[in-house]
Amino acid sequence: MTIQDLGSIGEVVAAIATVVTLAYLALQIRENTRAIRVDALRSYSSAAEGAVVAIASSDSLADIFNRGLSNYDSLNPTELTRFRFITSQLVTSVAQTYLEAELGHLDSCVLDAQKSSLQFLKSPCGRKWWTLHKASLAPKFQAWVDEIFGFDA
């Protein structure tokens, strides 16, 4: 066997090692992507869950939320602040999910499942909240909400 033959064998071994390394890296990237998606889903679920738990576990906050949806203008300044924050938390969690789905980091079925969290926006006072506060959200998300609920843009 000549040095040239050994060099050729070395090149073949190096090529095989490169392919194996790339395949391993591709698997690692895929697993990492799955882990990131799971973490993102947990994060968005936690954000929405926080608002729901707050409303469900506090009679006064539930009362403020219900009154805010039925008569936004009847809330005193403290109640209005609470209503705005809890409503913002609900909407922002869905907005984050929307943006992640748009980027391809989450399946669209996750977003579809969270649409129901925004049903309160269909009430006259929910619509008023949306009109007053939607500008703080991403324009694509605003357009999506306007479209699914039939709001004028």
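The structure holds eight aromatic pairs, a pair being two rings of Phe, Tyr or Trp (its six-membered ring) whose centres lie within 6.5 Å. In one of them, the ring centres of Tyr-72 and Phe-83 are 5.6 Å apart and the planes stand at 75°, so this pair is edge-to-face; planes over 60 degrees apart count as edge-to-face, those under 30 degrees as stacked and the rest as tilted. Because Tyr-72 lies in the loop between α2 and α3 while Phe-83 belongs to helix α3, the pair ties together parts that are 11 residues apart in sequence. Tyr-72 and Phe-83 are both buried, that is, under 20% relative accessible area (1.4 Å probe, protein chains only). Together with Phe-65 and Phe-120, Tyr-72 and Phe-83 form one aromatic cluster.

The model is predicted, and its local features need pLDDT of at least 70, side-chain atom pairs count only at pLDDT 80 or more, and totals for chains, interfaces and linings use all residues. Residues are numbered from 1 along each chain as its sequence is written, and side-chain values use heavy atoms, with hydrogens and water left out.

Helices here are DSSP runs (H or I, at least four residues), numbered from the N terminus. Helix α2 (residues 59–70) packs against helix α3 (residues 77–102) at an angle of about 85°, with the axes 9 Å apart; axes are lines fitted to C-alpha atoms over the stretch in contact, and angles run from 0 to 180 degrees between N-to-C directions. That makes α2 roughly perpendicular to α3, a label given to angles of 65 to 115 degrees. Contact (heavy atoms within 4.5 Å) involves, among others, Ile-64 and Phe-65 in α2 and Phe-83 and Ile-86 in α3. By class, the contact of α2 with α3 has seven nonpolar, two polar and three charged residues; Ala, Val, Leu, Ile, Met, Phe, Trp, Tyr, Cys and Pro count as nonpolar, Asp, Glu, Lys and Arg as charged, and the others, Gly among them, as polar.

Helix α3 also packs with helix α6 (residues 139–149), at an angle of about 105° and with the axes 10 Å apart. The two helices, α3 and α6, are therefore roughly perpendicular to each other. Val-91, Val-94, Ala-95, Tyr-98 and Glu-102 of α3 make this contact with Lys-140, Phe-141 and Trp-144 of α6.

Within α6, the buried residues include Phe-141, Trp-144 and Phe-149. Their cover includes α3, α4 (108–114) and α5 (124–133). Just after α6, Gly-150 takes a positive phi of about 70°.

Key. Parallel < 35°, antiparallel > 145°, perpendicular 65-115°, else oblique. Buried < 20%, exposed > 50% of the residue type's maximum accessible area, 1.4 Å probe, protein only.
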